[in-house]
Amino acid sequence: MRIDIITLFPELLKSPFEASILKRAIASEIAAVHFHDLRKFSTHKQRQVDDYPFGGGAGMVMMIEPIDKCIAYLKNERDYDTVIYLTPDGEKLNQKIANHNSTLNNIILLCGHYKGVDQRVRDHLITHEISIGDFVLSGGELAAAVFCDSIIRLIPGVLGDESSALTDSFQDDLLAPPIYTRPATYNNWEVPEILTSGNTPKVEKWRDEMALERTKKFRPDLLE
Ligand code: ADE
């Protein structure tokens, strides 16, 4: 998988890809992530990428031209499966969307800033719009990092068996059961006895029950 991220702040985006699972996925060439500084595609002397909104009002709008030029430059190199704009009014990211996008080969992500982008970008250049939740971030960069993490970890070979994505919360529309490790007693706080019993079928049954119980309690909407 290759992901090209178009951003005004490439430096904001780098560190999530320089540690842990994402770093390993990139080092083993299962995933490649490239950052493109939108200002480089500006035709203005001052590298301007935003302007006042037609019709007035507060806030600046990201101009279509640098975005169009950057996307055209990328599309000239290869075909893309999707061109995604990260925006709070997009479709809310969930595990199903992550699963689907993890199967794609080439993805462009556009990070918004200020009041957002000229609507013509959304109408003509973007194929999908994704939000990571009902709150507003300062820009799309952190949302892009969240999106990338959610999909890269699902590519076969990125996670080992020991951290298989199949047992994650949400993968079967249930929250994960509680987990414990040694010591079995800490400050008189005990690990549930069943987990140290060595009875694997009983442990599995307990985990299924706990997953259902936690889902009923914290996320009943997942069961509807
Ligand atoms: N940009 C600003 N807020 C956002 C959000 N919640 N999701 C995606 N992109 C955003």
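Glu129 is partly exposed, because its relative accessible area is 24%, where buried means under 20%, exposed over 50% and partly exposed in between, with a 1.4 Å probe and protein chains only. Glu129 forms a salt bridge with Arg122, and the closest N and O atoms of the two are 2.7 Å apart; the term salt bridge stands for a side-chain nitrogen of Lys or Arg within 4 Å of a carboxyl oxygen of Asp or Glu. Salt bridges that share partners also join Arg2, Asp4 and Arg78 into one network.

This is a predicted model, in which local features need pLDDT of at least 70 and side-chain atom pairs count only at pLDDT 80 or more, while totals for chains, interfaces and linings use all residues. Residues are numbered from 1 along each chain as its sequence is written, and side-chain values use heavy atoms, with hydrogens and water left out.

| Pair | N to O distance |
|---|---|
| Arg122 and Glu129 | 2.7 Å |
| Asp89 and Arg122 | 2.9 Å |
| Lys92 and Asp134 | 3.1 Å |

The side chains of Asp89 and Arg122 meet in a salt bridge, and this pair links distant parts of the chain, since Asp89 is in strand S5 (residues 82–92) and Arg122 in helix H5 (residues 119–124), 33 residues apart. Helices (H or I, at least four residues) and strands (E, at least two) are DSSP runs, numbered from the N terminus. Asp89 counts as exposed because its relative accessibility is 51%, whereas Arg122, at 17%, counts as buried. A salt bridge also brings together Lys92 and Asp134; Lys92 lies in strand S5 and Asp134 in the loop between S7 and H6, so the pair ties together parts that are 42 residues apart in sequence. Lys92 is partly exposed at 44%, and Asp134 is exposed at 64%.

The loop between strand S7 (128–131) and helix H6 (141–152) also holds Phe135, which at 43% relative accessibility counts as partly exposed. Together with Leu12, Leu137 and Leu142, Phe135 makes a nonpolar surface patch of about 350 Å². Such patches are made of residues with over 30% relative accessible area and no salt bridge, where like charges are joined within 9 Å and nonpolar side chains (Val, Leu, Ile, Met, Phe, Trp, Tyr) within 5 Å; accessible areas come from the Shrake-Rupley method with a 1.4 Å probe, and for residues only the protein chains shown count as cover.

With a disulfide taken as a pair of cysteine sulfur atoms within 2.5 Å, the count comes to zero disulfides. Cys70 is in no disulfide, and the nearest cysteine sulfur, that of Cys111, is 11 Å away. The sulfur of Cys148 is 8.4 Å from the closest cysteine sulfur, in Cys111, which is too far for a bond. Cys70 counts as buried at 0% relative accessibility, and Cys148 likewise counts as buried at 0%.

The chain has seven helices and nine strands. Its radius of gyration is 22 Å, well over the 17 Å that the globule rule gives for 224 residues, so the chain is more spread out than a compact globule; the radius is taken over C-alpha atoms, and the rule is 2.2 Å times the number of residues to the power 0.38. Along its principal axes, the C-alpha trace spans about 70 × 40 × 35 Å.
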